[in-house]
Amino acid sequence: MKIVETIAELRRRLAEEPRSVGFVPTMGAFHEGHLSLMRTSKRENARTVASLFVNPTQFGPNEDYRKYPRDLTRDAGLADSAGVDFLFAPNVGEIYPRDTSKIVVPEVTARWEGAHRPGHFDGVATVVAKLLNIVQPARAYFGWKDLQQCVVIGRMVEDLNLPVQLAFQDTYRESDGLAMSSRNVYLTPQERAIAPTIYAELTRCGNALKAGSNASAELRTSIETLTAAGFYVDYFALVDLETLEPVADLSRPSALIVAARLGTTRLIDNLRL
Ligand code: AMP
């Protein structure tokens, strides 16, 4: 595996051998969720590019941009073992040499993460568009862990007719159900012990809805359970999987989505129904 730091070098190396490219954008601090995206890309494409870029424009001013875990040596070893051919690890100046043009995706960004993290999806859409233009992959791989992000990127690719096929992969979890996340390292041992309650409530609520229970009552119960366990719940909602608008039943493809804070750590998770 080759670590590449500049756009010019990546383009040069990819042009040397123009075969189909699979692309896995990441912010590093790799766990099994990231590595399985890379392995899937490796299986389905002649070459795999992963990017490692902690994108400043998707963090709010009071968020964890500065303390986000960074360890290029460890990540490079893991990406290599997952079969990545090129790890694109640019510095901030390479991606943002000056104030940048922006991609703003409407509608599906209005609620949930978009409401709680103003500007977040402008940063995500813009950096993903730039990375897709830099790498020009046949396929790009994302995790359902960030469900709204999948919907936002799907919408951007459709709206802008970007010539890439998107693939979304199920969420990798720890054995107690906690969704793997680079941010789990922020949890204290006490918080880590409570954190699996999120997935426990997603599955409890999902099963109740499938059995025909009233959605607003079940959502209220989940919020109360998480609050009693020590979370501050930003949202716990049942949404239409395409529009992300709240829904009251399972008549269309839908998902339970949750964001909840434990101390200073904010966790998100979801369950598609
Ligand atoms: P990140 O480095 O957190 O920006 O994530 C990079 C990619 O990995 C995104 O497409 C995420 O949705 C995906 N991802 C993150 N956590 C998981 C997980 N637990 N299971 C599957 N994919 C994940």
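## Packing of α9 and α10

Helix α9 (residues 197-210) packs against helix α10 (residues 215-229) at an angle of about 165°, with the two axes 10 Å apart. Axes are lines fitted to C-alpha atoms over the stretch in contact, and angles run from 0 to 180 degrees between N-to-C directions. Helices (H or I, at least four residues) and strands (E, at least two) are DSSP runs, numbered from the N terminus. The helices α9 and α10 are therefore roughly antiparallel, a term for angles over 145 degrees.

In this predicted model, local features need pLDDT of at least 70 and side-chain atom pairs count only at pLDDT 80 or more, while totals for chains, interfaces and linings use all residues. Residues are numbered from 1 along each chain as its sequence is written, and side-chain values use heavy atoms, leaving out hydrogens and water.

## Contact residues

On α9 the contact (heavy atoms within 4.5 Å) is made by T197, I198, E201, R204, C205, A208 and L209. On α10 it involves A215, E218, L219, T221, S222, T225, L226 and A229.

## Nonpolar cores

A nonpolar core is a set of buried Ala, Val, Leu, Ile, Met, Phe, Trp, Tyr and Cys residues joined through side-chain atoms within 4.5 Å; buried means under 20% relative accessible area (1.4 Å probe, protein chains only). The largest core has 45 residues, and L10, V49 and F88 have the most contacts inside it. The largest share, ten residues, comes from α6.

Not counting residues up to four places away in sequence, F88 touches V4, E5, T6, I7, L10, V49, A50, S51, L52, I95, L131 and I134. Another core, of 20 residues, lies apart from the largest one and includes C205, A215, V258 and L271.

How values were computed
Parallel < 35°, antiparallel > 145°, perpendicular 65-115°, else oblique. Buried < 20%, exposed > 50% of the residue type's maximum accessible area, 1.4 Å probe, protein only.
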